[in-house]
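Good morning, and thank you for coming. Please look at the sequence and the structure as I put them on the screen.

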Amino acid sequence: MDTRRERPADMIVRGAVVYTLDHRRPWANALAVRDGRIVAVGDDADVEALAGAGTTSVDVGGAMVMPGLVDVHTHVGFAGQQAAWELALSPMAGPEEILAAVAARAQEVGPDEWVVGGVVGGHVLEAAGTAEMLAAIDAAGHGRPVLLREASLHHRWVNSRALVIMGVDDSTPDPKDGRYGRDVDGRLVGLLFEHASTVGELAVRRSTADVHARDLRSARTAVSILNACGVTATQDAATMGWWLDVFTELDNADELDAWIVGSMPAREFIESGPVGPELFDSADSRRSVHVRPNFVKAVLDGVPMTRTSKFLEPYKPDPQRTCACAGTFSGESWFTDEDLLDLMEQAVGRGLHVKLHATADGTVRQVLDAVEIMRVRHGGAPVFHIAHTEFVHPDDVARFAELGVVADASPVLWFPSPMTEIIGQQVPDHVMDRMWPLRELTESGALLAAGSDWPAAMPMPNPWLSIETMVTRRSPDPGFPGALNPDQALDLATAVEAHTANPARAMGLGEEVGRLAVGLSADFIVLDRNLFEIPVQDIHDTRVLQTWFAGRLVHDSTT
């Protein structure tokens, strides 16, 4: 006997066009929920049979219903901080617009308060590395310290007051795996590259009066924003211990409206605190029903815009660079092969999985080679993600499926944009012609899981833009015409699966979320349009009317 039918459902949803993502029954008209779980999916009549005197009936009037979206790559804490407390900047904005926004915010805060904001496009960072631009951001700050995050989250633009608070001057040596931007005379110009950014972030955090209260509000804000765009599960891609504590505190109080899979940093990255084995060993004590600290995270290289990604062949020559390596430099990995294997063993030995930031074909190959060794040693159980699979050598595409490596395809940049334009200035044209090989990866059998990398790629997440541009490879913004490698476009069903069932599997939540099937969490969304009945170029305008998490309404734009 099916015990799920022994008592009435708590809620039935009917009058819907339900896209289940369950291949056994892709489409339905209704579903029933009890105790936060789905107990039936079928026709209206099938589900009505589970109604009782206390059952709530929700008729969605023919709207499309689908599983809550699953985002395999966000930075929940940072995103919430930015949305709740900080100055929101568009990555498309130019220096003058940004400086005006900083000046306006500086006049609203106290004389010792930081002006923190983002994200700043790479084109602005290129213009910022001069004494004149340092003077400009000093003037905009009106004496307040300023820290602005670059769109990749790897770099920062700060003013002189911030450098003083950080304890950094012209004689300060560069930190490991990072550097302070300087002019030809060695004077600081207000740029923090890679791990130098951590010094700035720590200075901001030390100045915060009630950090824990701030973090709680940041987390609530981030999850609320995710819910509003239809996301009910995410993998936080760099989760410090205090963020795990914040997430579990909210979850234990029934105030966390999303599943969060944590990725604990192997080395210091952006924020400071226990990392590596010390943090890994705390995973079990920081676990709750909806918070799963199941992954280790490592960053193997930087980003192509600043030539800190590791490619298999050299970057384009840059006439503005005077170093002898111009035209021969291909980047460096921040991990030796031995270091990488040791990290993987540390994770697997603790029953953890591994997410690895690798933005170029050189570090992608390094990861695949290491996974090949790990598969011989440990079999197929450990999960390995390669995050930001934007550049993959043709010889390595099939290895993703052969080795069971997840292609974490983030951020949402598979269309022309300022960032892709800057990358194209650094990377050889024939390599750019293969950027984001999503079709090849899926056709080879790789598990493609989409992520937003919010707030790195966009100031606000828009998974509908992500789904649309996976299919069109075009920006809906007429300011950026053309298509980015359109031969790598996906069909709509594959793009939707990359935002639901696939990332759920990749995150270890495949039996919890990502589909609408009996036994799974009742995480579903109601849309203002049927994605399969509209022109694909209109998908980015999709509105989420309602978001339900574990059978409770957590977002409603209909009231």
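Predicted model: local features only at pLDDT ≥ 70, side-chain atom pairs only at ≥ 80, totals over all residues.

On the H11 side, the residues involved are Asp337, Leu340, Leu341, Met344, Glu345 and Val348. They meet Gln366, Val367, Ala370, Val371, Ile373, Met374, Arg377 and His378 in H12.

How are the two helices arranged? In general, two packed helices are described by the angle between their axes and the distance between those axes. Here, helix H11 covers residues 337-349 and helix H12 covers residues 361-378. Their axes come within 10 Å and cross at roughly 45°. H11 is therefore oblique to H12. The crossing in which H11 passes H12 is right-handed.

Let us now turn to a sheet. This is an open sheet of 6 strands, in the order S9-S10-S11-S12-S14-S13, and its pairing is mixed. Which strands stand at the edges? They are strand S9, residues 87-88, and strand S13, residues 178-182. Each has a single partner strand, so one side of each is left without a neighbour in the sheet.

Within the sheet, strand S10, residues 115-120, and strand S11, residues 146-150, pair in the parallel sense over 5 bridges. In that pairing, valine 115 stands opposite valine 146 in S11. Helix H3, residues 95-106, packs on the sheet and touches S9, S10, S11 and strand S12, residues 155-158. The direction of H3 makes about 160° with that of S10.

Thank you for your attention.

Notes:
Residues numbered from 1 in each chain as written. Heavy atoms only, no water. Axes fitted to C-alpha atoms, helices over the stretch in contact; angles between N-to-C directions. Helix = DSSP H or I, 4+ residues; strand = E, 2+ residues; numbered from the N terminus. Parallel < 35°, antiparallel > 145°, perpendicular 65-115°, else oblique. Left-handed = near helix turned anticlockwise from the far one by under 90°. Contact = heavy atoms within 4.5 Å. Pairing = 2+ DSSP bridges.
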